[in-house]
Amino acid sequence: MINIYEVLRRSEEGPYIVENDFDMKLYKVTSRLVKEHGLKFNRELPVVGDDAMANHLFEAAMCLALEMGMLCVSTSRVIRFTEEELRLALRTAPKQFTIGTGRDARVMRARTFGDGYPMLVCGGCPGTPLPEELFLPVMMSYAREPLLDLIIPGSLTTIEGMEVRTNGPLEIRACRQEMIWMREALDRCGRSGVHIYAAGESSSTELGTLAIANEKYMRLSDSHMIPVLSELKTDNARLSRVMTGYEYPAFTTSLIDPIIGGFGGGAEGAAVVLAAAVMLSTAAYGVDMHCLHPIHNKLISSTTKEAMWVDSIVGRAFANNAPVALLADAWTTAGAGTADVLYEAAALAILDETSALNSDALGSTNGVYPNCSGLEARFYAEVVHAAFQQKLTPDQANELIAKLWEKYKGGFTAPNFGKCFDQVYDVKTVMPTAEWLDIYHRVKEDVASMGLNFGA
Amino acid sequence: MEHLKNDLLEAIYTSMVEIDSDTTPKLVDQAINANLDVLDILDALTRGINTVGDKFEALECFLPELIMAASAMEESMVLLRPHLDALNIAAGSSGTIVIATLQGDIHDIGRNIATVMLKASGFKVIDLGHDVKPDVIIKKAEELNADVIGLSSLLTTSLPFSRDLMSLLKEQNLRDKYKVVMGGGAVTPEYVERIGADGFAGDAASGVRLIRRILAEA
């Protein structure tokens, strides 16, 4: 990371630009770079095995990061970096570090191909609104899954019946309560030391992060998120989170959500923007991890062919050129209690594992409904480990994903949002219902019949 | 003459579809001066912008191009409107919409897309931007005698401000005056129903269809 005060200085003294002009410039520059570097989305090959194209993407992203910089919308000033600064920031970014504590500690790695390590799998329900009465059992359903290495909380939307509002006092209370219950969920499952990822999900402002920057809530072995605004932008609220992390050094993750069809253009442009944002946030935020979350302009989900391709080529680009810890969000259209969500989970698990990515949790129903549970996260993790053991090649991965796509593609036009947690789990025993387990077993058998060896 | 007329209308349509946004208003001006039927000109523009909207949904063109096409449409409508007014045709003003991203939420892109698509569909749209308080939205709707209030939110924690807006409308005896529609990542049809708003749209295109339908029913 560049010295934080230098970043702040640049956010106040960098070149002035009107936001709309920045957006349109981004489109022009990205379009040009996509052409110049010969980047081409192939919907039949969401797992990218083409090293040359991935390397071209990396260089295109470097050009974009240098030409655009990061706009601070609070000041309308561009935070610019030199190529030397960006490459140094990537080179000195953490390559492996321990998250969590005690026997629950795990080593997070900046993955490379053939390094012999599987991804770390995150469970939880990112961005998902959870009612107070369900928060604890929902989070326990993830904590009970031994294959989940780290856990992300859902969002508490009410406190004592009152809605939590952006910039309101209940953001403070909600984030603190979220952490109290998260830690209780871990304790009750005998996994107290598990890393809590993206702590403070119940707040969308820096209030939440500030409220939990205390060992009683977010431990130094946990992490919080600092979003990059779409596309390649930040503001004083985001930079305040950077400052919070500077003096309370829990781990940090940038959250990057390029829109496919937005100012970056199509899948190729969104991939360039995403990779450039990884570079810029490494330098400006000094984060330890990056959450990749490309969003399809209409279908939203990570399971669209376009979003999968974006994640995959960015994973390969960094693994080859400048490994950093990348965690791919896995947001599905379908929800708990459906076969669709499991097929979507399997496709993403295979894609993420074979693209040198780590996992940011499965977000059932794109985080809209509390139709989520530990069981679909278990399945995602099982597929990850099977794919790793089987040493799937990109071609093999694409063959499997093509079969899975046929199973879930209908959900984009007729989504099956599934059921709320309390209809797929017994909330007292925190065990899945027989019906949900039956669906899980049937889909697992079907995916095995497609060629994935769960027993290997 | 008929051949020239068709060529010009086709050129207007093509310039829209190919996002040749500098050319479209010039062609419209040329068509007006050549005494082409203004309704035919309007039809060529509308077909063009609808094709661009379809291409955007199919990822065959992107947000900046959609914005440029909408801008060409707006410029063209400035040229056409006096002629439409002279014929007492209300095309281009099929309803006034005040749109905003709710208080506390700084996300613009979804609202921008909706604004562009609505403008392109002939609505007068006043975009109040992001992080807008409910009373400011209502005040603007009153000032402009709007038909529809459009609310966007990507943040669950900003949704409660939409409920505040509904309460304020009721307290000020304005509830029946406006149709309130909502969209954005955090919004669900169930939430919209719970707070008593008039409609939910999952994306910009369905938002256009929704507003057309509820205004037709009003």
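Predicted model: local features only at pLDDT ≥ 70, side-chain atom pairs only at ≥ 80, totals over all residues.
Let me start with chain A as a whole. Chain A holds 15 helices and 21 strands. Its radius of gyration is 21 Å, which is close to the 23 Å that the globule rule gives for 456 residues, and so chain A is as compact as a globular protein of that length.

Now to the sheets of chain A, beginning with a parallel one. In what order do the strands of the open sheet of three strands in chain A run? The order is 5-7-11, and the pairing is parallel. Strand 5, residues 122-124, and strand 11, residues 195-196, stand at the edges with a single partner strand each, so that one side of each is left without a neighbour in the sheet. Strand 5 of chain A pairs with strand 7, residues 150-152, in the parallel sense, and three bridges link them; within this part of the sheet, A:Cys122 stands opposite A:Leu150 of strand 7.

Strand 3 of chain A, residues 96-99, and strand 4 of chain A, residues 106-109, run antiparallel and are joined by four bridges, with A:Gln96 having A:Arg109 of strand 4 as its bridge partner. The two strands form a hairpin with six residues between them, and in this hairpin A:Gly100 takes a positive phi near 75°.

Two backbone details of chain A are worth a look on the screen. The peptide bond between A:Ser230 and A:Glu231 is cis, with omega about -10°, and A:Glu231 is found in the loop between strand 12 (223-228) and strand 13 (233-234) of chain A. The other is A:Lys391, which has a positive phi of about 50° although it is not a glycine; A:Lys391 lies in the loop that runs between helix 12 (374-390) and helix 13 (394-408) of chain A.

Let me move on to chain B. Here there is an open sheet of five strands in the order 2-1-3-4-5, again with parallel pairing. Strand 2 (124-127) and strand 5 (199-201) of chain B stand at its edges, each with a single partner strand, and so each has one side without a neighbour in the sheet. From one strand to the next, the twist averages 25°. Strand 1 of chain B, residues 96-101, pairs with strand 2 of chain B in the parallel sense over four bridges, and B:Ile99 has B:Asp127 of strand 2 as its bridge partner. Helix 6 of chain B, residues 134-144, packs on this sheet and touches strand 1, strand 2 and strand 3 (148-152), its direction making about 165° with that of strand 1.

The axes of helix 2 (residues 23-33) and helix 4 of chain B come within 8 Å and cross at roughly 20°, which makes helix 2 of chain B roughly parallel to helix 4 of chain B. The crossing of this pair is right-handed. Among the residues that make the contact are B:Val28 and B:Ile32 of helix 2 and B:Leu79 and B:Leu80 of helix 4, and the contact residues divide into six nonpolar, three polar and two charged.

Finally, how many residues does each chain bring to the contact between them? Chain B gives 18 residues and chain A gives 26. On the side of chain B, the elements that give two or more residues are helix 3 (38-57), helix 4 (63-86) and helix 7 (160-171). By class, that side of chain B has nine nonpolar, six polar and three charged residues.

Conventions
Residues numbered from 1 in each chain as written. Chains lettered and ligands numbered in written order. Pairing = 2+ DSSP bridges. Contact = placed C-beta atoms within 7 Å. Nonpolar A, V, L, I, M, F, W, Y, C, P; charged D, E, K, R; others polar. Axes fitted to C-alpha atoms, helices over the stretch in contact; angles between N-to-C directions. Parallel < 35°, antiparallel > 145°, perpendicular 65-115°, else oblique. Left-handed = near helix turned anticlockwise from the far one by under 90°. Rg over C-alpha atoms; globule rule 2.2 N^0.38 Å.
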